[in-house]
Amino acid sequence: MYYNEMLDGGQVRAPYAMLSDWVETMPSEIRQMKQAEAEALFRRIGITFAVYGEGGDPDRLIPFDMMPRVFLQSEWRKLERGIKQRARALNAFLRDVYGRGEIVRAGRIPAQLVYQNEAYEKAVVGIVPPRGVFSHIVGIDIVRTGRDEFFVLEDNCRTPSGVSYMLENREIMMRMFPGLFRNNRIEPVDQYSELLRRTLASVAPAKCEGAPTIVILTPGHFNSAYYEHSFLANLMGVELVEGSDLFVDGGFVYMRTTQGPKRVDVIYRRIDDPFLDPLCFRKDSMLGVPGLMDVYRSGGVSIASAPGAGVADDKAVYTFVPEMIRFYLGEEPLLQNVQTWTLWKDDDYKYVMENLADLVVKEVHGSGGYGMLIGPKATKAEIEDFALRIKANPGNYIAQPTLALSTSPTFVEEGVAPRHVDLRPYCLCGDRVELVPGGLTRVALREGSLVVNSSQGGGVKDTWVLSE
Amino acid sequence: MRLKITHETSYSYDTPVEALVQSLRLTPSSHEGQRVGDWRITVAGGQRGAAFRDGAGDWIEGWTVRGPIDLVSVTIDGLVETRDTAGVLRGHRESVNPMVYLRQTAVTKPDDALRDLAKSIQGQDALDLAHKLCAAIGDTIEYMPGVTQSQTSAAQAMEQRQGVCQDHAHALIACARLRGMPARYVSGYLHSSMDGKPHDAAHAWAEIHVGPLGWVGFDAANACCPDERYVRLGSGYDAQDAAPVRGMAFGIGTESMDVRVHVEEVQQ
């Protein structure tokens, strides 16, 4: 009933053939030693943050599973086309809703879903950022339910995190098992940082003179993803700054350096919209840069992702992404959405309330596996309790069927066993739309569990795309 | 009316600050109700940076002043030709969808009193409802300077039943939004020498989006719609979002502010 990515009809599938031998011939002492080594490596580099801003203990190590998850080149090509298509449509949607709003005028998406969305930023209306890109890094969460069945679970258009895991997982695997990489033709992912740098440089404002200066703006070291911010800054060779390192003078943003002020052209920000600029948004924000939005709005600096990009990625707008693809690109969606019931519709509400035990219910703006009900795993009391919360504010919830997430072989106490997985690839949008062959695979380490969130017993794996 | 506006704000610091950054929504835009003549913003020792028209049709200028600064003055000298459009905002170029202004903010968040008031009013149509809400707010909240502050919410002003134009505007906006009508805060100037009522030349009111008419101004503090005595500067979700001046000084100095606004009618 669950698609097993390694075994199909009792046979080991081609992409896993080599790994299957590798596991069978690995003595258990070696495996334990290697697992300890992997953990020590992760600790040493300090990668201990929560994936996707889920909160929890920031110093907790997320379990790393040494068994890679493998895609065939042909499988990946299909995914890649679908991901790029989706990223293009999401950016077209953002351009549109901050412009003329044609998709709303055409009646293809309800106006209130866009204009009353709390992520819709009035301050951005009328702005066309360089190359028309609002979301420069689109993280698309994908689940697999069959050999050729992939579904998009959600889109992340703001600042999707976790890419440092994708890079570190590979790095550690290559260090520990060089033989695996000699004997398999695995597509590299380490060009990600260069592609990211190039993407950011390609959206420098027209006023930029010479080579663009790029910075990563972090809320600071207490942030759960600080490791990732400094990691990416290092790999790209750009400065990691906090709000207080930047200032506005005249119509531009500058960074304080030991050689004096240096003009900044592109800000890859890892802080949320409300904190970006106390003169435009929350006036008590100490994390932002006063005057930044005026400079941005007059074309003096680029911000990635653009303020207001979040209107494209909440769980209610999600249901309209296939419509966006048809409307803006004139294409049929290559990747399907998960069937979704929106509880502010009477029919959907009725159906969901009668079938809570079979469904997954999520908050429209929730994330990290919190604030959700997994019907089949919940007790009667939990379901009743959740039903009351839905009744109080139906518009705040959507429901989906429980998905039969595919499994990938995973190291467990007793050896190797199937565990459920998902995938987050990172699509880069600038002058081109591109992504590295791979992404972050999250795995639900508990037997039978379908929740891959690290806060709820999830781990991570290296993700391989085999060359032709 | 031909109105001459002089608006001077000076900021002084007991310990000089390193720098000052300001975002100024201090330039009226032209529409049927007002035609802007000469308009000059001067920031002593300052540099004008970003300057653009935003989606709501307001002209915004970013200014920075390099320190050390112990005194900065922001001066407006301008001329505006106004005429009465019965409060209707026509010919104002903007592209923000009115629905955006249905969201409540921290200061317009309604309490039971505001909800009851909003519910109790019946109108024949949207325009009539807006007029009646405006009158009801004016009747409920007595004009009384000094009892509320800049952070006072609509709910707090309702409780005290006293306030100034900002409180009237916030309360009216809260009620209009409750009734499903987009509403926003408008800051501007008011020429008031002729009616002898005690109000400031720096003024604020509400705009409510009423169907085919579009945006219409309502001044609950003066129980009227803006006419030729009013000069419209800019708008926002609430007073903070529509503030003519938003700024931040870098330094440890304590800021004190002195504002002088003068609106006078001049002959052709």
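Analyst: A cavity here is a set of grid points where a 1.4 Å probe fits but cannot get out, and a residue lines it if it has an atom within 4 Å of a point. The model is predicted.

Start with the second largest cavity. Its lining takes Val248(A), Gly250(A), Gly291(A), Asp294(A) and Val295(A) from chain A. From chain B come Val21(B), Gln22(B), Ala50(B), Gly62(B), Trp63(B) and Thr64(B). The volume is about 50 Å³. Strand S4 (59-82) of chain B is one element that supplies at least two lining residues. S4(B) gives the most, with three residues. Strand S1 (2-27) of chain B and helix H10 (292-297) of chain A also supply at least two each. By class, this lining holds five nonpolar, five polar and one charged residues.

The structure holds three cavities of 30 Å³ or more. The largest cavity contains about 160 Å³ of space. It is lined by 17 residues. Closest to its centre are His31(B), Thr85(B), Pro226(B), Asp227(B) and Arg232(B). Two elements of chain B give two or more residues to this lining: strand S8 (202-210) and strand S10 (230-236). The classes here are five nonpolar, seven polar and five charged. Domain 1 (2-81 + 245-265) and domain 2 (85-236) of chain B each contribute at least three lining residues.

How far can chain B be trusted? The mean pLDDT of chain B is 94, and 97% of its residues reach 70 or more. Among its elements, strand S9 (residues 214-218) of chain B has the highest mean pLDDT, 98. Strand S12 (residues 255-265) of chain B has the lowest, 92.

Open space is a separate matter. The second largest pocket has a volume of about 400 Å³. Of its 15 lining residues, Gln112(A), Gln116(A), Asn117(A), His365(A) and Gly395(A) are the closest to its centre. Five lining residues are nonpolar, seven polar and three charged. Domain 1 (7-333 + 404-465) and domain 2 (339-401) of chain A both give residues to this lining, so the pocket lies between them.

Those two domains of chain A also touch. 15 residues of domain 1 of chain A are in contact with 16 residues of domain 2 of chain A. About 1300 Å² is buried between them, and carbon and sulfur atoms give 56% of that area. Their centres, taken over C-alpha atoms, are separated by 27 Å.

How values were computed
Residues numbered from 1 in each chain as written. Chains lettered and ligands numbered in written order. Predicted model: local features only at pLDDT ≥ 70, side-chain atom pairs only at ≥ 80, totals over all residues. Heavy atoms only, no water. 1 Å grid on protein atoms, 1.4 Å probe; cavity = no way out; pocket = protein on both sides within 12 Å on 5 of 7 lines; lining within 4 Å. Points joined across faces, edges and corners; volume = space filled by probe spheres on them. Nonpolar A, V, L, I, M, F, W, Y, C, P; charged D, E, K, R; others polar. Domains from an automatic or database assignment. pLDDT = per-residue confidence, 0-100. Helix = DSSP H or I, 4+ residues; strand = E, 2+ residues; numbered from the N terminus. Contact = heavy atoms within 4.5 Å. Buried area = accessible area lost by both parts, 1.4 Å probe.
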